[in-house]
2 protein chains.
Amino acid sequence: MNNRKDFLYQQLADKIETMIINGTYSTGDKLPSVRSLHAEHGISISTALQVYVHLERKGWVEAREKSGYYVSYSRQQLPQLPEISAPSRTAALVKVSERVSLVRHTVAIKGIVSLIGASPHISLLPVAKLNKALRQAAREEKNAYIPYGDIDGHLPLRRHIARLSLAWGGSVAAEDITVTNGAIEAATICLRAVAKAGDTIAIESPTFVGLLQSIENLGMKALEIPTDPVTGICLEQLETTFRKRKVAACLIISNYNNPLGSCMPDHHKQQLARLIEQYQVPLIEDDAYGDLHFNAERPRTIKSYDRTDLVLYCSSFSKSIAAGLRIGWIINRRYHEQLARLKFMSSASTGLLPQLVLTRFLDQQRMDLHLKPLRQALRTQQAQISRAIQQYFPADTRLTRPEGGLSLWVVLPPKVDGWEVHRRALQQQIAFTPGSLFSSQQQYNNCLRLSNANPFDDDQHWAIQTLGKLIRQQLDGRR
Amino acid sequence: MNNRKDFLYQQLADKIETMIINGTYSTGDKLPSVRSLHAEHGISISTALQVYVHLERKGWVEAREKSGYYVSYSRQQLPQLPEISAPSRTAALVKVSERVSLVRHTVAIKGIVSLIGASPHISLLPVAKLNKALRQAAREEKNAYIPYGDIDGHLPLRRHIARLSLAWGGSVAAEDITVTNGAIEAATICLRAVAKAGDTIAIESPTFVGLLQSIENLGMKALEIPTDPVTGICLEQLETTFRKRKVAACLIISNYNNPLGSCMPDHHKQQLARLIEQYQVPLIEDDAYGDLHFNAERPRTIKSYDRTDLVLYCSSFSKSIAAGLRIGWIINRRYHEQLARLKFMSSASTGLLPQLVLTRFLDQQRMDLHLKPLRQALRTQQAQISRAIQQYFPADTRLTRPEGGLSLWVVLPPKVDGWEVHRRALQQQIAFTPGSLFSSQQQYNNCLRLSNANPFDDDQHWAIQTLGKLIRQQLDGRR
């Protein structure tokens, strides 16, 4: 009985939370009374009360004496969106690795309050079901994981990956899939398959530092294209570039770009697919965050509009199931033989053990069922961090409102020195990622990436508050 | 009781087998009578008889009526050793990948008789103990494998790897180790850390095709150095090269080179360590086969003589425990930061699950105890294949006699076309590796690499016999 009650109050609380976060209810709006919840939803008065206590604890509502519950959050009151980025138009060799080293070590500091999280907090992951799949694999697979595996990956897992492609508009065959050690290996192999040292790669600005590192390490040049914080890479600018110069490949995070959170609308994806076809430019699509959508529908992919197999699609289970299993993949037929060769050189076949565990997990679980609460939690965490930013950061702060993914992108007044904020935050045991990591150029040092991968607790609240203080101190010249 | 009896006869049979393979007994020598084994070793007559029946079945001895057992194998009668290789002295870009593709797919053909095996047959591996370690990890590690791991690798595993270095003359700290997805990723990362596209890499000739592919894919040039089938790379030639031209790095399989089987004597290793110090040339040492020694002592490494940390040591558990776990490592401090960056770009951190399994395995097992029967089996298989080659291949065949490892290198008369033999063998469901794969130059097409990784059964015997026939047919112009 308790379980059923928990379920009812949780379900109703989630619904009201959704309506608050998506703006159906705004700050100050009065919410249905406890009595009306009781009457309309067939729940007891105490369960109805529990709904509001829960929402109050999360910070979405406040009780007013003798009057009822009112919304205390408003999407409309969040900081303004950042402007479209305006990077320099010259392709340049990338040098971010040294800066990355400055940040990399902070992840492991004991007791740190992390606003870095590159994958959802473990409390949001299907740990029990994964452990079950692992125990089953351990009992039943016996010797399968001991010899070298297929260079393309474990076929039953590739079949699952192929089936999952339905959700983003794909109709992929297992034979077109190459399993890799995570999406970073996938993207690196793809880059090497279509470009060589000295070649120019068109990317979003800002974009994921891991991809910048790959470009750096392969001796390629990055050409940053202006990018809209909502709709992603600017297609007019990209086409102008195609017309004017040789671009060896594009490298795009189409859905919930890290760090910007942009998600290309369908018609942009289709238009981009036509563009690369017209100019015959291969495109590497990193869709690692696509499954983490907050709205009802999963966004499609550029690959789903790709008629000539010029898109090399990359993704992984790192953001949706378990990053530590290190399983990613590439989907592409055109370059398959080259990809297999490069995969062999990169690390030979991918280990079978994590593939066997994931196969069993996917045999037994419906991905959509597992992903639903994960998405809900990430959305809530994002809203909570956003509200805290609104509360504690300077008034002219700009902030993204991604409809999925793991990143918030904060644009501060130009005179803020992100590295200095980073240094001082670390002294207080707070870790975030300075914005300048996400560009090959000298820019975004007034920006921060904050991750919504971790539950928003008092520590996180304190961390945002403290960051706000450090930023204000800098602006006031009081440092 | 049965177990004890089995143990006694097996132990004695192994001893006699060793003395036959190492030449203490030669063809035609009379072996101790059944009665004297009974008297001298305190075993029953039936157990003593079982010893010889076992050795007869393996093909080492033959019974002569009313006279006893005689040796039917002689190391002395094996084909002559190949000569020192004589590759061209020009550094050149490598192009082996296309040829590799022709062979890669043959591994997976159903029902094929494989003389390819890159890792010991599963019957020789500690499967039960690995499964136990896996089940324990599945039960007890719970969530440890779910988040991203340390970019350097799981510390308890690095501690084990550090301790294992004692066996090859090392005294390594866990902090100097970078865990990788197998030795191929290790070698690729090392190459990238010390050299760039266009640079010249000095290698053995012939050498492992996987390393050639790495050099190819990184756009580096291979400079093949003459190599002795017993003592490995010719140091005089290497020094001459150092004096005359810029070499960015050496890439050497110091122990039981694949495919040649050469093992550098200690004083060569020491001399090479001094040479690279003198000329300041980093050296990547691939020691993947060092644990598979047939003699009592594990050979040392170049790294063990390395005073200035110019040696980047690479190895893996692929040949000694389980290739499918894909766990290798690099040992080096000097380039550690660069290696970590390149590792991140290659595949981010290495998956924790296989590392947890290996850690538990190594917590519980003594590597030397597990390796002893593996080495014995590989040595026996090598002797059995060698004898079959002696029996069925043309008289002027040359053949290596490695004292460890997984490869035999067969040099046939120059007019033999190895690719044609390969094509015709495949029609008969026999797979081996054509020699020309092991060079960046147009050479070794009259050579074959045969793997001794699999138990020598009737199929293997038939395969060698058939290869012999195909080769003779070619030589007679009867194809």
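Chain B holds an open sheet of 4 strands in the order β13-β14-β17-β16, paired antiparallel. Its edge strands are β13 (398-399) and β16 (433-434) of chain B, each pairing on one side only. This is a predicted model: local features need pLDDT of at least 70, side-chain atom pairs count only at pLDDT 80 or more, and totals for chains, interfaces and linings use all residues. Residues are numbered from 1 along each chain as its sequence is written, chains are lettered from A and ligands numbered from 1 in the order in which they are written, and side-chain values use heavy atoms, with hydrogens and water left out.

**Sheet of chain B**

- Helices (H or I, at least four residues) and strands (E, at least two) are DSSP runs, numbered from the N terminus.
- Two strands pair if DSSP finds at least two bridges between them.
- Strand β14 (residues 407-411) of chain B is joined to strand β17 (residues 447-451) of chain B by 5 bridges, and the two run antiparallel.
- Leu408(B) has Leu450(B) in β17(B) as its bridge partner.

**Sheet of chain A**

- Chain A has an open sheet of 4 strands, ordered β13-β14-β17-β16, with antiparallel pairing.
- At the edges stand β13 (398-399) and β16 (433-434) of chain A; each has a single partner strand, so one side of each is left without a neighbour in the sheet.
- β16(A) pairs with strand β17 (residues 447-451) of chain A over 2 bridges, in the antiparallel sense.
- Thr433(A) has Arg449(A) in β17(A) as its bridge partner.
- Strands of a sheet pair through backbone hydrogen bonds, either parallel or antiparallel.

**Hairpin of chain A**

- Strands β1 (residues 61-64) and β2 (residues 68-71) of chain A run antiparallel, joined by 4 bridges.
- Val61(A) stands opposite Val71(A) in β2(A).
- The hairpin of β1(A) and β2(A) has 3 residues between the strands.
- Lys66(A) is found in the loop between β1 and β2 of chain A.
- Lys66(A) is not a glycine, yet has a positive phi of about 60°.

**Cis peptide bonds**

- In chain A, the peptide bond from Asn258(A) to Pro259(A) is cis, with omega near 20°.
- Pro259(A) is found in the loop between β9 (249-252) and α10 (266-279) of chain A.
- In chain B, a cis peptide bond joins Asn258(B) and Pro259(B), with omega about 20°.
- Pro259(B) lies in the loop between β9 (249-252) and α10 (266-279) of chain B.

**Interface**

- Contact (heavy atoms within 4.5 Å) links 56 residues of chain B with 56 residues of chain A.
- The area buried between chain B and chain A is about 4,700 Å², and carbon and sulfur atoms give 61% of that area.
- Buried area is the accessible area (1.4 Å probe) that two parts lose on being put together, summed over both.
- Between chain B and chain A there are 0 salt bridges, each defined as a side-chain nitrogen of Lys or Arg within 4 Å of a carboxyl oxygen of Asp or Glu.
- The side of chain B that touches chain A draws at least two residues from each of α4 (97-104), α5 (127-140), α7 (182-194), α8 (209-217), α11 (318-322), α12 (336-347) and α13 (352-364) of chain B.
- The largest share of that side, 8 residues, comes from α12(B).
- By class, the side of chain B that touches chain A has 27 nonpolar residues (Ala, Val, Leu, Ile, Met, Phe, Trp, Tyr, Cys and Pro), 10 charged (Asp, Glu, Lys and Arg) and 19 polar (the others, Gly among them).

**Symmetry**

- Chain B superposes on chain A by a rotation of 180° with 0.0 Å of shift along its axis, at RMSD 0.1 Å.
- The two copies are thus related as by a two-fold rotation axis.
- The superposition is by least squares on the C-alpha atoms of residues with pLDDT of at least 70 in both copies.
- 100% of the interface residues of chain B are also interface residues in chain A, so the copies meet through the same surface.
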